[in-house]
Amino acid sequence: MFKRVFLLLLAVFVLAIAAACTATDSSQTDDGNASNASNETNDGTSDNTEKEAAEEEKVLRINNGDEPTSFNPPKGFDSVSYSPLNNMMEGLTRLGDDHTPQPAMAEEWNVSEDGTTYTFTLREDANWSNGDPVTGEDFVYAWTELLDPDNGYPSAFLGYFIKGGEAFNSGEGSADDLGLSAPDEKTFEVELEAPAGFFLNLVTNPAFFPVNNQVAQDDPDWHAEADTFVGNGPFKLESWEHDNEFVMVKNEEYWDASTVNLDKIRWYMVSETTTEYQMFDNGELDISSIPSELSDQLIDNENVVFEDQGGLEFFRYNLEKEPFQNEKIRKAFALAVDKQEIADYVVKNKAKPAFAFVSPGFQSPDGSDFREANGELVPFSPDEAKQLLEEGMKEEGYDELPEVILSYNTSETHKSVAEAIQSMYTDHLGIDVTLENKEWQVFSEEQKGLELQLFRSSFLFDYGDPVNFLESFVTDSSMNRTAYSDSDYDELIQKSKTESDEAKRWEHMYEAEKMLAEDMPIFPIRYYNQVAIQNPDLSGVLRHPVGYLELKKADLKQ
């Protein structure tokens, strides 16, 4: 994912990213029971004293938006799972304040001269929340599980950089051939298929988090409930009331626990931005997304924060469903959408229209930005769109275009964007399309199963390289979901992942993006940003461009 999903992050991406909040309990004790003013406890302390202690707890309250898909790292491959996972678990490296990889479970590493072998030394004080040491075997087990074809994890393609990874995942190799080993308890060695300069960035992704192999082998469902979950991050899972809320508390076993300021985090599950903002306005949350209808009055508030985010909202065509087997018809539908209008007047919140696929912010070897260098590839061009539609219909022998159903997952913003596109198709192409709303779980499964025709999608980058988005559309990728297949495109992506000359590698990526725009199995809408209104008493919340919410250093002034 920078993901995919660029979210649901991210349904977020909106598929939008999780918002955070803080509060202190003023009328209830920690167990939720009302306090009495003057009764004494058995140890001679007063209930007032206990109440004051509870009030001094730093309790952060966050809206996660929806029930997490899974807290099994390679399975929870979406924004509603990633932010919680990023705060309960930790990989070899962790993104720092500058969004670059920093030592985490690994305190140091060595890289071979040819750039294909990484040897990581794990921290002696790296422990699981149950007190077990984090070992090299935990990484070997977790990464093997990521790639095991029997598991069918959507994030498995990220492991194709590992020697033997793609062969094993495709059923053509075995786990024994993977370039993974643990020479001793605190050493983990990885062999790559080819040098990958972004590898240390890649392994910050939750898909590469370790798993306590003994716990997982004893209980395959270790990740499904709070009382069985074992993590290694700044916080640990205390309770989980499914579809309502889950609660984390500070993990005292965490190697860097001294930097963690919060005592507890409550994650709510509120799907509508308007409801979320109402909770913020009522003092129930300390951070909220800004509903588009309130953007004009709130956007210049001094407590509004803006952060870049690597990803975009886009729409996929199903090339196996008429009329989108025709390239010209696909282009017509793409060029008829006024993305500037959607960004400015529908989404608002200083959203940026997307006229290509790779989001801004990726610096090439010569110092230029990928987006600026490769230009605008999918403009708004209604006259050209109308001409392409006529030509495409003629090629297919259509006197009348087959029915078109545009699908999106539940969200006020998604609905507004869909309605705007529907209106543009009527105005610019003379076509009436039908809108179809589906709940996320159903929508996600039907998208993966190629059951939809024209449908909303999002992507948040999984690691800091443009190839991450582009690789989604190679033949048979689990993230393709369009039935698009082109051997020339596949070859360009392969070269983009293995070419050692960075200048040449970037040229391959430029060419691949242009080919994607020419074949048009998808079309872009807007680049994501992260916008929230925040209580000034909250500090230290870090929002990474890849979409993870970092709460390790978050603090609440009391």
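Student: Is V270 buried or exposed?

Tutor: The model is a predicted one. A residue counts as buried when its relative accessible area is under 20%. V270 has a relative accessible area of 16% and is therefore buried.

Student: Where does V270 lie, and which residues is V270 in contact with?

Tutor: V270 sits in the loop between β11 and α7, the latter covering residues 273-281. Setting aside neighbours within four places in sequence, V270 is in contact with N63, G65, T275, E276 and M279.

Student: How many residues of helix α2 are buried, and what covers them?

Tutor: Helix α2, residues 79-88, is mostly covered, with ten of its ten residues buried. Among them are Y82, P84, L85 and M88, together with S79, S81, N86 and N87. The cover over the buried residues of α2 includes strands β3, β9 (235-241), β10 (245-250), β11 (264-268) and β21 (549-550).

Student: How does one read the packing of two helices, and at what angle do α10 and α13 cross?

Tutor: One reads the distance between the axes, then the angle, the handedness and the residues in contact. The axes of α10 (residues 339-347) and α13 (residues 412-429) come within 11 Å and cross at roughly 135°. Because of that angle, α10 is oblique to α13. The crossing of these two helices is right-handed. On the α10 side the contact is made by E341, I342, V346 and V347, and on the α13 side by T413, S416, V417, A420, I421 and M424. By class, the contact of α10 with α13 has seven nonpolar, two polar and one charged residues.

Student: What are the corresponding values for α16 and α17?

Tutor: The axes of α16 (residues 487-498) and α17 (residues 502-519) come within 8 Å and cross at roughly 150°. An angle over 145 degrees counts as roughly antiparallel, so α16 is roughly antiparallel to α17. The crossing of α16 and α17 is left-handed. In this contact D488, Y489, L492, I493, K495 and S496 of α16 meet R505, H508, M509, E511, A512, M515 and L516 of α17. The residues of the contact of α16 with α17 divide into seven nonpolar, two polar and four charged.

Student: Which phi values do H99 and N349 have?

Tutor: H99 has a positive phi, near 70°, and is a residue other than glycine. H99 lies in the loop between β3 (93-95) and β4 (101-103), and its relative accessibility of 26% makes H99 partly exposed. N349, also not a glycine, has a positive phi of about 50°. The place of N349 is in the loop between α10 and β14 (352-353). With 11% relative accessibility, N349 counts as buried.

Student: Is K331 buried or exposed, and what does K331 touch?

Tutor: K331 lies in helix α9 and, at 15% relative accessibility, counts as buried. Residues up to four places away in sequence aside, K331 touches L388, A517, E518 and M520.

Student: Which residues is T135 in contact with?

Tutor: T135 lies in the loop between β6 (117-122) and α3 (136-147). T135 is buried, its relative accessible area being 11%. Leaving aside neighbours within four places in sequence, T135 is in contact with L122, E185 and N213.

Note on methods: Residues numbered from 1 in each chain as written. Predicted model: local features only at pLDDT ≥ 70, side-chain atom pairs only at ≥ 80, totals over all residues. Heavy atoms only, no water. Axes fitted to C-alpha atoms, helices over the stretch in contact; angles between N-to-C directions. Helix = DSSP H or I, 4+ residues; strand = E, 2+ residues; numbered from the N terminus. Parallel < 35°, antiparallel > 145°, perpendicular 65-115°, else oblique. Left-handed = near helix turned anticlockwise from the far one by under 90°. Contact = heavy atoms within 4.5 Å. Nonpolar A, V, L, I, M, F, W, Y, C, P; charged D, E, K, R; others polar. Buried < 20%, exposed > 50% of the residue type's maximum accessible area, 1.4 Å probe, protein only.
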